[in-house]
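Please read these points with the sequence and the model open side by side, and check each residue as it comes up.

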Amino acid sequence: MTHPTEAPTNPLPVTDRPGSRAARLRAPLARQVVEAVAVDNGVCVRPLPMRRTSLDTGETQIIPVPCGATLASKCPSCAERARRLRIAQCKAGWHLDDEPLPDPDPPSDDAKALAVLRADLETARDEVLTAGDVAQVREIDELIDQVDAELTDLGVRGQITPTDRDRPRRTRSTKRRQDAPDLPRLPVDRRTVGRTFTAPDGTAWRPSMFLTLTCDSYGRVHSDGTPVDPGSYDYRRAARDAIHFPKLLDRFWQNLRRSAGWDVQYFAALEPQRRLAPHLHAAIRGTVPRVTLRLVAAATYHQVWWPTTGLPVYDGQRLPVWDDATGGYHDPDTGDALPSWDAAVDAIGEDDEPAHVVRFGPQLRADGVTANSANTGRMIGYLTKYLTKSLDACHAVDTDRQRAHVDRLAAALRYEPCSPTCANWLRYGIQPRHPRRELAPGRCTGKAHRRETLGFGGRRVLVSRHWSGKTLTDHRHDRVDFIRQQLEALGATGTGPAAPASDPTRLAWTLLRPGDPAAPRREHLILHAIAQRHAWRAQLGLATGPGTGEKAGGSSATGPPLADAA
């Protein structure tokens, strides 16, 4: 028998009185309904109004253009579209049998003649520079710029000489550190495709690999990634490793190619571990012995040759002051100008130690993958599963201990210099490169200082140049061409991106700024995009229904399906 003062075991559901404030608040907003329908149909929820004008007829039309966001917190539809595009890019280059890029064409006779003229101008410039005729040097530089422009018009890529020829090149010793093992060095073959193996039964296959790398440990952590002893956890080294992690990755791929003896290609994505340290997953075309991978990872390091940042020189309210006359910062007490960035770097001696050294941790995993494996799609999905989330949102932060861990790392990143132009150098008595007014330590606008990046200011997806032989824009056009071919096979006429090819030079595009009287409301743009998406599906015969493989209410029509990519 239940005591009269006890609550019943199964209380009745509470229903709001019709017309009450609680009932009104439970009703969804009209804009939320429109955005939910847009997400179900794969339509951008933040479209940009663009005015398209035909230069032949003068006809104008306002087109909703997707915002192109890569984070689901900003636009779920565009983020999912970008993720699927990365999936297609990863799949296209992982198991290639042939080289993706052709060799460059031989230079034409006109290009050779311009190169000879360029050589004569370079010699003449050195002669007049030695004679001290500055005016003549400027004239020759103008001729050199004209020759370089003509070479570009002929289709020649790159530059013959760097543009900053007068800037002295600062070099450091290339001698390896004594605490790093030596690496084997082989001549690198001009191939990007891995080896082919033959089974005893005569079957030939060319496997590839899935590699995982991470940073070193900064202290013992719990299963949720938080430190066991926050006081001894090295947050400063964690912040520095995160900031300089892209340089460490570049050095790793360089060392791997030299040790493997061929041009290793990769598709890599960065995500944080639960302890918030950078964590890299990479799809490698071809195979490399696991012993070589472990040796290269253990021997790879990156030295940061920056001025020391031991103890801050200025802190609190006592900060350097800006001087308009000199265009730089001065000491607030003595009025002396702070040393420039170049002067501070030049002061680093040959016997000095680098400001920081970044290394990989012992955690390394390498798995073999074949093109026809059932795990290929699962691994591609695992590689790209966090691309629609910011780094601080990849793992749930539910407890106070986890929030405190993120706060401590963010505090360490706030005052850590991220680049030569970072405002935090003022805290250590050094003028950043290209100083300007209103710089303040702790208020650098660099991407590495943002909480959502966790110190990693580089790109989330790293793709080698010869991965698929195509840029991301090329893959995007391939998906549009796929839709256009399907429409042509069905006898339909495409609209929007899938419209028949027209001369893009005869169309002028203008972005309508906020406040423009011709700019429609965002809700109208979303509704227009939803109707256009329904028209495309009707033409392609992808209407939702039983047996179509699509969920009720529509699905994200983001391109050709990838059945083996989760």
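1. The protein has twelve helices and 13 strands, where helices (H or I, at least four residues) and strands (E, at least two) are DSSP runs numbered from the N terminus. This is a predicted model, in which local features need pLDDT of at least 70 and side-chain atom pairs count only at pLDDT 80 or more, while totals for chains, interfaces and linings use all residues. Residues are numbered from 1 along each chain as its sequence is written, and side-chain values use heavy atoms, with hydrogens and water left out.

2. Of the 566 residues of the protein, 37% count as buried; buried means under 20% relative accessible area, exposed over 50%, and partly exposed in between (1.4 Å probe, protein chains only). Among contacts (heavy atoms within 4.5 Å) with a separation of 6 or more, 74% join residues 24 or more positions apart.

3. Which residues have the most contacts inside the largest nonpolar core? This core has 58 residues, and the ones in question are Leu 211, Phe 245, Phe 252, Trp 253, Leu 256 and Leu 409; a nonpolar core is a set of buried Ala, Val, Leu, Ile, Met, Phe, Trp, Tyr and Cys residues joined through side-chain atoms within 4.5 Å. The elements that each supply at least two residues of this core include β5 (208-215), α6 (235-260), β11 (356-369) and α10 (400-414), and the largest share of this core, ten residues, comes from α6. Apart from this core lies another, of 14 residues, among them Phe 210, Phe 267, Ile 380 and Trp 467.

4. Two packed helices are described by the angle between their axes and the distance between the axes. The axes are lines fitted to C-alpha atoms, for helices over the stretch in contact, and angles run from 0 to 180 degrees between N-to-C directions. The axes of α6 and α7 come within 10 Å and cross at roughly 135°, which makes α6 oblique to α7, given that angles under 35 degrees count as roughly parallel, over 145 as roughly antiparallel, 65 to 115 as roughly perpendicular and the rest as oblique. The contact is made by Phe 252, Asn 255, Leu 256 and Ser 259 of α6 and by Thr 292, Leu 293, Val 296 and Ala 297 of α7.

5. Helix α4 (residues 109-131) and helix α5 (residues 134-153) pack at an angle of about 165°, with their axes 10 Å apart, and are therefore roughly antiparallel to each other. Among the residues that make this contact are Leu 114, Leu 117 and Leu 121 of α4, and Val 137, Ile 140 and Ile 144 of α5.

6. Val 461, in strand β12 (residues 461-463), is buried, with a relative accessible area of 9%. Leaving aside neighbours within four places in sequence, Val 461 is in contact with Arg 86, Phe 267, Ala 268 and Leu 387.

7. Please also look at two residues of one loop. His 434 lies in the loop between α10 and β12 and has a positive phi of about 55° although it is not a glycine; Leu 454 is placed in the loop between α10 and β12, and Leu 454 has a positive phi of about 55° without being a glycine. Is each of them buried or exposed? His 434 is exposed, with a relative accessible area of 62%, whereas Leu 454, at 6% relative accessibility, counts as buried.
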